[in-house]
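Here is a friendly tour of how the parts of a protein model meet. Have a look at the structure first, and then we can go through the interfaces together.

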Amino acid sequence: MSEKMREAAGGEKNGRPLSELLKNGNTIMMLLIIAALLILSIAIPRFMSVGNIFNLLVQASVIGLPAIGLTFIIITAGIDLSLPTNMACSAILGCLIMQKTQNVVLGVLSILFFAVLFGCINGFSVAVLKMVPMIVTLAIQTLNTGISNFCTQGTSIGGLPESFSRIFAGSIGGVVPVSVLVFLVVAVIMHQVLAKTIFGRQLFQTGINERAARVNGINTTKILFCIYVIGGVMAGINGVLTAARLNSAGPTMGPASAFNNIVCACVLGGASVWGGKGSILGTVFGSIVMAIITNVMNLLNVDFFATYVVKGLVIIVVCYLDVLRNRVKEN
Amino acid sequence: MAEKTTTLEIRNISKVFPGVRALNQVNIQAKGGEIVGLIGVNGAGKSTLMNILGGIHPQTEGEILIDGQEVRIESPKDAEKYGIGFIHQEPVMFQHMTVAENISISRLHGKINYRELNETARKYLDRMGCDINPRAKVRDLPIGERQMVEIARALSSGGKILLFDEPTASFTDAEKNRLFEVIRELKRKGSCIFFISHFLDEVAELTDRTIVLRDGRVVIEGNTAEITREQILQNMIGGKVAEVTAGKERSFDQVVMKVEGLTRGSKPDRVSFKLHRGEVLGIWGLMGSGRTETLRAIYGLDKPDAGSIYLDLEDGRGLRRVTPKETRELFGYVTEARHDDGCLLPWSVWENMSAPNLPSYKKKLFLDYGRQRQDSEEYCKKLNVKTASIYTRMESLSGGNQQKVIMAKWLIRRPKVFLIDEPTRGVDVGAKAEIQKMIRKLAEEGTACLVVSSEIEEISAVCDRVIVLNRGRISGELKKSEIAKEALMHLCV
């Protein structure tokens with residue numbers, strides 16, 4: 001489009017309704033969620049029960065916590081394939097320590113420590129050694145899976161102190177699950193970080209144009225390192241909550257395939273795999289949508305393996321949506 | 001030679017690009033066993049002419065005759081067919097393949113007989129007097145030897161007319177001498193050679209005939225031995241040398257920045273100078289002389305191999321050595337390529353203006369957005385940025401206004417030293433004058449500015465002093481009254 005036509009269109013609002021609509025993905029998503037909830041509550045009687053809604057939100061938190069981490073990473077056009085396996089691996093290592101010492105505080109801190117450690121390895125490889133994120137995190141994914149299966153021999157780590165699951169898998173007032181509360185608190189904090197701090201603004205600059213960001217005096221190496229560490233922290237928190245809920249830790253709690261849900265949540269929420277775009281609010285909505293899809297398939301008794309087919313198709317559609325959004329912007 | 005000598009005749013060749021007449025009725029004749037030097041400033045039409053011969057662009061009018069036959073060269077493949085070999089400035093090669101594979105690259109298909117391949121390579125390398133191993137991987141060769149491989153490639157595909165496009169730009173002296181020997185050897189064996197360069201001494205040393213191009217025309221042609229340096233210079237820059245607006249001489253006493261022995265590879269190479277309070281210092285040089293590299297090193301983006309920057313921070317301690325981190329915080333740097341690394345196109349005007357200054361807008365844990373927008377409004381007015389509002393996206397502004405926004409983002413931080421690379425490239429005439437005036441005004445208010453520009457008019461309009469770069473080194477310095485085309489050209493060719 002020529003400069004003149006742009007100016008004629010008022011410059012500020014580019015006068016392209018479709019792009020405005022797609023840009024405001026969050027409003028669309030909210031409407032979609034509400035519509036889906038209405039239809040589902042009529043179609044499936046059990047759906048609207050309080051128990052199921054919180055169950056759905058717990059599922060959303062399992063997807064959403066790592067998705068919040070991935071949002072930071074995806075803004076730089078990076079990726080972290082190791083998020084789910086990092087969660088399982090850290091939970092297993094931490095739970096081993098907890099099982100041996102019967103010390104909940106030490107156990108929880110260990111889980112977080114290992115998760116951050118893997119995040120640091122990812123961050124260092126990408127930011128300092130300039131390795132390709134896809135390959136590095138795939139390697140860490142493999143490494144995580146290896147450690148998980150080696151330590152557990154394919155089973156799971158049990159015999160954890162009773163207070164662990166009482167605290168982290170309990171519910172506030174017997175209604176609101178702790179994991180849902182933690183998810184919300186983390187989402188609020190990370191939203192502030194992304195939207196309102198120097199770090200957040202510098203992260204977006206790095207994602208939009210790394211060379212320009214460097215000219216603007218930004219230490220892009222530091223930014224890149226930090227986001228993978230944030231990914232690790234999110235995997236760690238998720239690991240604590242999930243292990244507490246299962247009252248054990250095993251390799252199956254974070255299969256590599258769980259990454260699909262996570263990246264879908266981000267892209268549905270407006271993050272672009274091309275970098276430069278993303279919001280925490282969008283990612284939270286995206287996680288809820290992904291949880292609804294999973295939940296509905298459970299309630300409808302869809303064959304477990306068939307759910308993978310559905311999710312695979314969802315990813316294709318969502319990624320095409322991302323291409324479409326970028327194409328609208330290009331023209 | 002047993003073969004009859006090749007002849008090349010270029011008749012009335014013109015090339016029109018949208019809005020530019022790059023070549024205008026050019027006539028050139030050359031024959032085998034001759035080295036023709038082609039000189040001209042950037043944009044004179046040298047590369048266009050070579051691209052026509054190499055089959056990269058077709059000519060708009062005129063004809064090319066090889067051995068008396070008219071030929072149509074429509075693709076590099078055609079050029080190869082007619083025996084024209086193009087040796088690029090930066091050798092274009094398959095890094096992970098061997099020398100022999102690269103030499104025979106256009107004939108590599110089906111089953112490859114490696115022994116034959118290596119023998120072919122050996123034959124052509126020998127003809128040039130080169131002892132490069134045909135089995136070596138190209139990525140392991142130094143740049144000078146890659147050039148040799150490129151020449152061998154041109155020879156092996158039957159090249160009789162060889163075009164060298166500024167081949168020595170990134171060479172050491174030894175590599176240059178080696179290349180000259182090879183070119184002379186090829187001449188003895190009957191090749192017709194075109195040698196493009198903007199280094200007068202190289203042309204004088206190597207060539208038999210010299211052709212000077214200016215604004216797409218041949219302006220002077222003659223035997224190299226008979227043509228003087230002065231004649232060439234005069235013709236390169238056009239007729240009589242006009243004195244450009246002198247402006248009044250200003251004197252400076254307070255040194256703000258001292259650069260000492262700044263070196264990074266071959267560009268910049270031991271660059272040292274002083275910059276004063278309120279002074280606009282120009283850096284001039286031809287393409288590839290290391291202007292941008294010097295600015296990047298000063299700003300602290302590329303780590304120098306040696307050298308230091310000293311700064312007077314006005315804390316009474318005088319000049320003090322500063323780190324790249326400090327210079328990145330204290331300086332402003334308008335880059336040469338606006339769209340590449342100058343701004344964030346999808347972001348709005350105010351976001352771009354505050355982007356490098358975020359730390360100064362910190363309010364407790366968060367950012368003060370109100371103050372960011374306030375500053376943007378203020379600087380939009382100050383610099384007369386024509387935009388619907390500060391919320392307009394950068395990509396919908398015109399080039400001139402984008403450039404003003406980029407200037408503004410650095411002015412907001414009140415830079416100690418303002419580095420400006422090509423301040424008015426791709427900017428319309430009106431904005432150009434405004435930006436140049438703005439630089440003058442900044443200097444008069446005390447900001448030290450370092451301006452790189454390829455335009456002599458711009459340099460003489462805004463600068464108080466100019467240093468000239470030639471192959472990464474400072475080759476001279478001119479006061480305001482001495483800034484003139486001729487003097488600058490003398491220092492950089």
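**Where the parts meet**

Across the interface of chain A and chain B, the rule finds two salt bridges (a salt bridge is a side-chain nitrogen of Lys or Arg within 4 Å of a carboxyl oxygen of Asp or Glu). This is a predicted model, in which local features need pLDDT of at least 70 and side-chain atom pairs count only at pLDDT 80 or more, while totals for chains, interfaces and linings use all residues. Residues are numbered from 1 along each chain as its sequence is written, chains are lettered from A and ligands numbered from 1 in the order in which they are written, and side-chain values use heavy atoms, leaving out hydrogens and water.

**Chain A meets chain B**

- One salt bridge to look for joins the side chains of B:Glu351 and A:Arg201, at 2.7 Å from N to O.
- On the chain A side, the largest share of the residues that touch chain B, six of them, comes from α10(A) (helices are DSSP runs of H or I with at least four residues, strands are runs of E with at least two, and both are numbered from the N terminus).
- In total, 25 residues of chain A are in contact with 35 residues of chain B (contact means heavy atoms within 4.5 Å).
- Together the two chains bury about 2,600 Å², with 57% of it on carbon and sulfur atoms (buried area is the accessible area, with a 1.4 Å probe, that two parts lose on being put together, summed over both).

**Inside chain B**

- Chain B is divided into domain 1 (7–237) and domain 2 (255–492), with bounds from an automatic or database domain assignment.
- The contact between these domains takes 12 residues from domain 1 of chain B and nine residues from domain 2 of chain B.
- The C-alpha centres of the two domains lie 38 Å apart.
- Between them, the domains bury about 1,000 Å², 55% of it on carbon and sulfur atoms.
- The rule finds one salt bridge across this domain interface, and the side chains of B:Arg471 and B:Glu202 meet in a salt bridge at 3.0 Å, N to O.
- Helix α8 (residues 229–237) of chain B gives six residues, the largest share of the side of domain 1 that touches domain 2.
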